[in-house]
Every structure is written in structure tokens, then in C-alpha cells.
Amino acid sequence: MSAPPSVGQPASSRNWGYSRGWRLSSVIILRLLLRLLMSHRWQGKENFPGTGGVILAPNHLSYADWPTIALFSDAYGHRYPVFMIKSAVFEVKVLGPLLRKLGQLPVYRGRSDAGLVLRQAEQALRGGACVIVYPEGTATRDPGLWPMAGRTGAARLALITGAPVIPIAHWGAQDILPYGTKRPRLFPRRTVRMAAGPPVDLSRYAGQRLGASTLRAATADIMADITALLAGLRQQTPPAVPYDPAAAGEIPSARTSSATQATAGAATQGETEPGKVPRRRRRPPA
């Protein structure tokens with residue numbers, strides 16, 4: 001079993017901290033355990049850059065998303081995944097030190113240094129890391145489970161660092177652990193389908209000031225590519241206008257997973273909310 005390219009870069013390790021040995025151990029455990037719990041149908045391996053910083057931008061369906069995207073990134077794309085996770089998790093005994101050894105990024109919400117995670121993520125990307133950013137910020141509230149309007153964290157990181165954004169679509173994780181539930185459905189063994197697309201073309205924003213309009217437009221391009229990939233997996237037509245929870249007056253649930261809460265908090269530092277879109281009647285996700 002070969003180490004992911006980002007693991008073997010000592011400069012990155014010195015700059016933002018991780019243990020190569022702990023990462024290799026986690027790779028072994030992750031691959032063995034998750035392959036026992038779920039099967040996969042993967043495509044788009046050619047779109048994973050072999051080296052250098054890269055941003056993976058997946059759609060978000062349920063609590064089961066993070067292990068599926070982690071396995072997809074590591075076992076299929078051969079890139080070790082780095083998540084942004086709320087800082088409280090790093091204070092948990094055993095788990096906190098482990099996350100630091102694995103090089104995961106803490107997010108400090110509601111503090112003056114909350115935007116620090118974006119600088120840490122920038123540093124990690126420049127060191128060759130594969131950083132996972134959920135552009136939606138939380139599990140989708142769209143009635144049909146299509147991607148929602150995105151937040152601008154992924155676009156901001158991409159335009160600052162020049163790192164490519166690889167759109168990721170997956171379908172099936174919501175059958176293993178539906179959003180809002182705590183008990184997984186492991187039997188019968190379910191299949192998760194995942195697809196990685198070519199890097200999102202953000203070239204027209206190069207050199208532009210990173211104002212709200214630029215970041216919103218770049219984010220819309222990222223979300224459009226993710227949605228198109230998901231439409232291909234599902235063989236269905238997505239809504240013409242993405243669901244926007246801000247326009248619908250929704251506040252993300254307190255049950256939102258720690259990783260996605262963190263991404264949402266970091267992604268909204270210093271920005272305005274995405275533009276309003278027509279309201280769509282909301283039904284609880286199936």
C-alpha cells in the first residue's frame with residue numbers, strides 16, 4: 001500500500017503539522033473498515049492531480065459523507081484527505097490529539113480568530129495537501145437532495161492559492177445514515193456511487209479583486225459542476241435554481257456534523273450571503 005503523495009512531503013509536515021506514521025495507520029484502518037461496511041462504484045480517477053495542493057468540493061447528503069469522501073480521496077485518488085473540523089472536537093481526550101497528529105484543521109467559531117482556518121488551509125494547500133471543503137456548508141435541505149446554493153470558502157481558497165477545485169458528486173451515503181438520524185443502516189450492504197470531475201474552470205476570475213460578487217460567481221460555477229456530476233449519477237434533471245436556505249429563512253440544525261459546521265463557519269468569514277433566489281417549497285428530505 002503506497003502512501004498518498006501529500007504524506008511524503010516533509011516541508012508540509014513542518015509547516016502545518018502531522019505525523020506520517022499516524023496517517024499511514026489511519027489509511028490502513030479506513031480502507032479495511034469502510035470496504036467492509038459499504039461497496040463503491042467510482043469514476044473520474046484521471047481528474048485527481050497526483051501532486052500539489054488540491055481542493056475537493058463534494059455535495060453533502062448526510063453524516064456518512066465524510067468517511068465516503070475520505071475513502072474516495074485516499075483509496076481511489078491516492079490523496080490523503082484533510083478536513084476542517086470545529087475546534088471543540090480537538091479538546092476531546094484521545095480524539096483531539098489524534099486529529100492533530102493526522103493534520104486535520106481546527107475551526108474556532110465565534111472568535112476573532114475564526115478565519116484562521118482559511119489561513120491554515122491556505123498553508124496546507126501550498127504545502128501540497130488535499131483539502132476537503134463542503135461548499136454547501138451543511139447537509140442539503142433541498143427537498144430532492146440536490147446541491148444547495150454554496151458558500152464561498154472553496155472559491156476563496158482556490159483564487160488565493162491557485163489550487164484546482166475538483167468537483168465531487170456522490171449518491172448513496174444518505175441511505176446508510178440519513179440526515180438527522182444516529183443509527184446507521186448497514187444491512188444489506190449498500191453501494192455509494194462517486195464521480196470526480198475535471199477541475200472547475202475559474203480562469204476568468206484570475207486577477208480580479210476578491211469581492212463578494214467575484215466570490216459568489218466563482219462559487220456558482222463550482223456548484224454548477226457538482227450538480228451536473230450528480231445529475232449524471234442519478235440520471236435525473238436537477239432544479240433550474242439551486243435551493244437557498246438563507247432565502248427560505250432556515251438556520252442550519254444544531255445537529256449538523258462537526259466537520260460541516262466548521263466548513264460553514266470558516267467559509268462565511270468576511271463575506272456576504274449568496275444572492276437571494278426564489279423561494280421553493282420545502283419538504284423534509286426523503
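Predicted model: local features only at pLDDT ≥ 70, side-chain atom pairs only at ≥ 80, totals over all residues.
Student: How many helices and strands does the chain have, and what share of its residues is buried?
Tutor: The secondary structure comes to nine helices and eight strands. With buried taken as under 20% relative accessible area, the share among the 286 residues of the chain is 53%.

Student: How many of the residues of strand β7 are buried, and which residues lie on its two sides?
Tutor: In a regular strand, side chains alternate between the two faces of the sheet. In β7, which runs over residues 165–171, one side carries V165, P167, A169 and W171, while the other carries I166, I168 and H170. Both faces are covered, and the number of buried residues in β7 is seven of seven.

Student: Which strands pair with β7, and in what sense does each pair?
Tutor: Strand β2, residues 54–58, pairs with β7 over four bridges in the parallel sense, and within this pairing I55 stands opposite V165. Strand β8, residues 190–196, also pairs with β7 over four bridges, and here I168 stands opposite A196.

Student: Is L105 buried or exposed?
Tutor: L105 is found in strand β5, which covers residues 105–107. Because its relative accessible area is 3%, and the cut-off for a buried residue is under 20%, L105 counts as buried.

Student: How far apart in space are L105 and L118, C-alpha to C-alpha?
Tutor: In sequence, L105 and L118 are 13 residues apart. Taken from C-alpha to C-alpha, their separation in space is 9.3 Å.

Student: What distance should helix α3 span, and what is the distance between its end C-alpha atoms?
Tutor: Helix α3 has twelve residues, 65–76, and the expected span is 1.5 Å times one less than the number of residues.

Student: How many residues of α3 are buried, and which residue with a positive phi follows the helix?
Tutor: Helix α3 is mostly covered, with eleven of its twelve residues buried, including D65, P67, F72 and Y76. The residue that follows α3 with a positive phi, near 55°, is H78.

Definitions and conventions
Residues numbered from 1 in each chain as written. Heavy atoms only, no water. Buried < 20%, exposed > 50% of the residue type's maximum accessible area, 1.4 Å probe, protein only. Pairing = 2+ DSSP bridges.
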